[in-house]
Amino acid sequence: MGLVKNLSVALVSASVMVGTAAAQAKAVTLTYDKSLSSPGLAPGQLFVPQGLGVQDSTNQLFVSNGRGLNPDGSFNPNVGNRVDVFDQQGNYLRAIGSGRQGKGEGFDEPADVKFDPVTGNLHVGDVFNSEIDVYNPNTGEYIRSYGSFGGPVQGRLFFGPGGMSFDKKGNIWITDFSADVVKVYNANTGELVKTVGSNGSELGQYVGPAGISVSPNTGRIYVGDQYNGRVQVLDSDGNALFAFGSRGSELGQLREPIGVEVDEYENIYVADSQNSRIQVFDKDGNFLTAYGEPARNAAGEVVPPPDQSGPPFGNPLVLEPGVFNWTAGLHYDRGKLYVGDFFQGRVQVLNVDNKPGAKVPEPTSVLGLGLLGFGVVISKLRKNRKNSTVSVEG
């Protein structure tokens with residue numbers, strides 16, 4: 001009875017996999033909406049968009065725009081080093097800040113951006129000046145700076161302040177990318193409240209903590225542990241609960257996750273940077289769906305990140321919907337997911353269908369090709385089983 005037994009096992013296994021994939025696909029669906037801005041160095045164009053934020057009162061998008069570098073790599077404070085503001089149609093409105101090396105007003109590579117839910121002020125991570133700069137988002141007026149973060153670490157492309165997120169106590173949680181900790185500051189005074197974590201790969205340890213998001217529902221804190229290839233989940237006090245993800249390119253695996261966001265249903269969105277895609281997980285870290293693919297050249301090869309000595313754009317640029325050259329900055333807002341197309345100088349906006357129980361189309365990557373394959377296997381197995389009259393003994 002070996003063949004019959006094997007056929008039954010195969011059918012049951014395939015059925016379970018199909019049912020599991022279908023259940024996951026109905027939880028969240030991402031679809032392309034539009035792209036904002038274009039790659040370039042001129043006003044209103046973007047290079048290396050890292051931080052993204054939508055202002056509640058105006059619905060305007062704020063994008064941190066690169067470091068002040070000339071195309072040859074030399075420093076130019078008049079290029080980039082600003083936060084650019086766009087309306088929802090992609091029209092360029094204005095810029096906040098300017099290039100400056102040293103403490104105080106101005107940026108030397110702006111990173112994440114967040115709005116204080118109480119004052120409405122804009123907080124901007126200032127990487128090379130190792131601080132957080134605060135501005136009036138409506139007038140562009142500089143208010144103050146606070147904080148101190150780690151400097152360059154050999155072998156790492158990034159350092160200093162990474163992701164930021166406000167909690168309900170008036171604190172702002174900020175990842176210190178090169179010090180491998182999370183720092184908590186009082187957003188009003190700029191005083192350090194506490195430091196969480198240490199260097200390493202155990203639970204509660206980090207190697208390059210990047211994006212961070214405090215859940216408005218549960219108070220849980222989600223941290224992109226970039227070089228460990230995972231996301232760590234903390235309670236509201238910063239105690240590590242569990243981690244999910246592992247290094248790799250399969251579904252549910254991560255290659256240097258950067259941006260992390262959480263929605264009103266506790267779904268977790270991760271900018272899986274080097275895999276050039278977004279992955280979505282539920283509150284327990286179970287994989288739900290993925291969106292995006294890497295830019296490829298005419299030969300079908302993945303377009304590599306640009307050399308640091310040249311312009312910060314992939315070559316060639318592939319500006320089709322859903323195609324990325326690294327995903328980085330990430331922001332969720334009222335059913336929209338804003339994704340920084342890191343080396344293609346634009347922001348891709350995705351529609352998010354995340355309503356519980358909603359009947360949504362299954363993603364092709366999981367259910368189209370995947371289930372087509374299962375269907376073929378099942379059909380063949382059933383046909384073989386029906387027609388089989390010999391070779392059924394174990």
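1. Buried means under 20% relative accessible area, exposed over 50%, and partly exposed in between, with a 1.4 Å probe and protein chains only. Lys 283 is partly exposed because its relative accessibility is 42%, and Asp 284 is partly exposed at 43%.

2. The model is predicted: local features need pLDDT of at least 70, side-chain atom pairs count only at pLDDT 80 or more, and totals for chains, interfaces and linings use all residues. Residues are numbered from 1 along each chain as its sequence is written, and side-chain values use heavy atoms, with hydrogens and water left out.

3. A salt bridge is taken as a side-chain nitrogen of Lys or Arg within 4 Å of a carboxyl oxygen of Asp or Glu. The whole structure holds eleven salt bridges. One of them joins Lys 283 and Asp 284, at 3.5 Å from N to O. Asp 56, Asp 333 and Arg 334 belong to one network, joined by salt bridges that share partners.

4. Buried pairs also occur. Arg 82 and Asp 84 form a salt bridge at 2.7 Å, N to O, and both residues are buried. In the salt bridge of Lys 183 with Asp 176, the closest N and O atoms are 3.2 Å apart. Lys 183 counts as buried because its relative accessibility is 15%; Asp 176 is buried at 0%.

5. His 331 lies in strand S26, residues 327-333 (strands are DSSP runs of E, at least two residues, numbered from the N terminus). His 331 is buried, at a relative accessible area of 11%. Beyond its neighbours within four places in sequence, its contacts (heavy atoms within 4.5 Å) include Leu 52, Gly 53, Glu 261 and Tyr 338.

Methods
Helices (H or I, at least four residues) and strands (E, at least two) are DSSP runs, numbered from the N terminus.
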